[in-house]
Every structure is written in structure tokens, then in C-alpha cells.
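Work through the exercises below with the sequence and the model side by side, and try each task before reading its solution.

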Amino acid sequence: MIAKACDVNGTCTTEVSNPFYVDNEVPSGTISISFNSGSLTGSVNANDNGSGISSYMYALSTSNSCPTSGYTESVNSSYSFSITSNATYYVCVKIKDKVGNISNPIISSAYTIADTTPPTLLLTK
């Protein structure tokens, strides 16, 4: 940006600002998941060509769609959820850049925690 100011005597001053740009592009990325010792972890590989990544917002879902609310914000590109029930889980993430642009939710592949305990049978006479 160039600004020019002149006084009543016709003396002018011109100032040039540092270059700037407008970041209106949302970040993008992918998410992978892993399970270990009762924790399901989502790890994000994010990209933002503008201002850079600011934070990540995570949510756990048991359906193959992401919720509209209930996200936990973190500056870490991975986040772990404690899993206590047998079900199929998905990790959802929204990526936020440094000027506040937020991506649409990105959903992981499914991870199923199955009941592997064999049934028992008690026979009485």
C-alpha cells in the first residue's frame, strides 16, 4: 500500500507499507487413526498456503458423519480419546488457520472395538 500526504504548503510525503495479502482460503488436510491401550488417536497432516495453521478441533463420533458441535480445540496435530465401550468409532477434525478460517470437518476411517471375550455357559443339574 502506498500513502501520500500533502500539507497546505504543497510539501508531500509518501510512505510505502510492507507487502500484505488477504488469506481467505481454508486449510486442508487428512487424518489417520491408531489404537493403543484403550486410546484412539487421530493424527492430522494439515496444509495452509496462507497464514499457517493455528489449531485443530477434534471430536469423536460413532456414526460415519461428523457432529456439528462438541469439538475440543488443541494446538497439537494429534489428539487421543479414551475408549471404554465396544463400538465403531471415527475421529473428526476441523483445521483452523491463523486468521480464523476453519476447514469443513474431515473424518477418519472407521475403527471398530469388538468384544473378544468368549461367552461362558454355566450348566446346573
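Predicted model: local features only at pLDDT ≥ 70, side-chain atom pairs only at ≥ 80, totals over all residues.

**Exercise 1.** Determine how many helices and strands the protein has, and in what pattern they follow one another.

*Solution.* Counting the elements gives 0 helices and 10 strands.

**Exercise 2.** Compare the radius of gyration of the protein with that of a compact globule of 125 residues, and examine the span and burial of the chain.

*Solution.* Next, take the extent of the C-alpha trace along the principal axes, which is about 115 × 25 × 15 Å. Finally, turn to burial: of the 125 residues, 27% are buried.

**Exercise 3.** Classify the ring pair of F35 and Y111, and locate its two members in the chain.

*Solution.* A pair of aromatic rings is described by the distance of the centres and the angle of the planes. The structure holds 4 aromatic pairs. For F35 and Y111, the ring centres are 5.3 Å apart and the planes lie at 25 degrees, so this pair is stacked. The pair links distant parts of the chain, since F35 belongs to strand 3 (residues 28-36) and Y111 to strand 10 (residues 111-113), 76 residues apart. As to accessibility, F35 counts as partly exposed because its relative accessibility is 31%, and Y111, at 28%, also counts as partly exposed. Aromatic residues also form a cluster, made up of Y56, Y58, Y79 and F81.

Conventions: Residues numbered from 1 in each chain as written. Heavy atoms only, no water. Helix = DSSP H or I, 4+ residues; strand = E, 2+ residues; numbered from the N terminus. Rg over C-alpha atoms; globule rule 2.2 N^0.38 Å. Buried < 20%, exposed > 50% of the residue type's maximum accessible area, 1.4 Å probe, protein only. Phe/Tyr/Trp six-rings, centres within 6.5 Å; stacked < 30°, edge-to-face > 60°.
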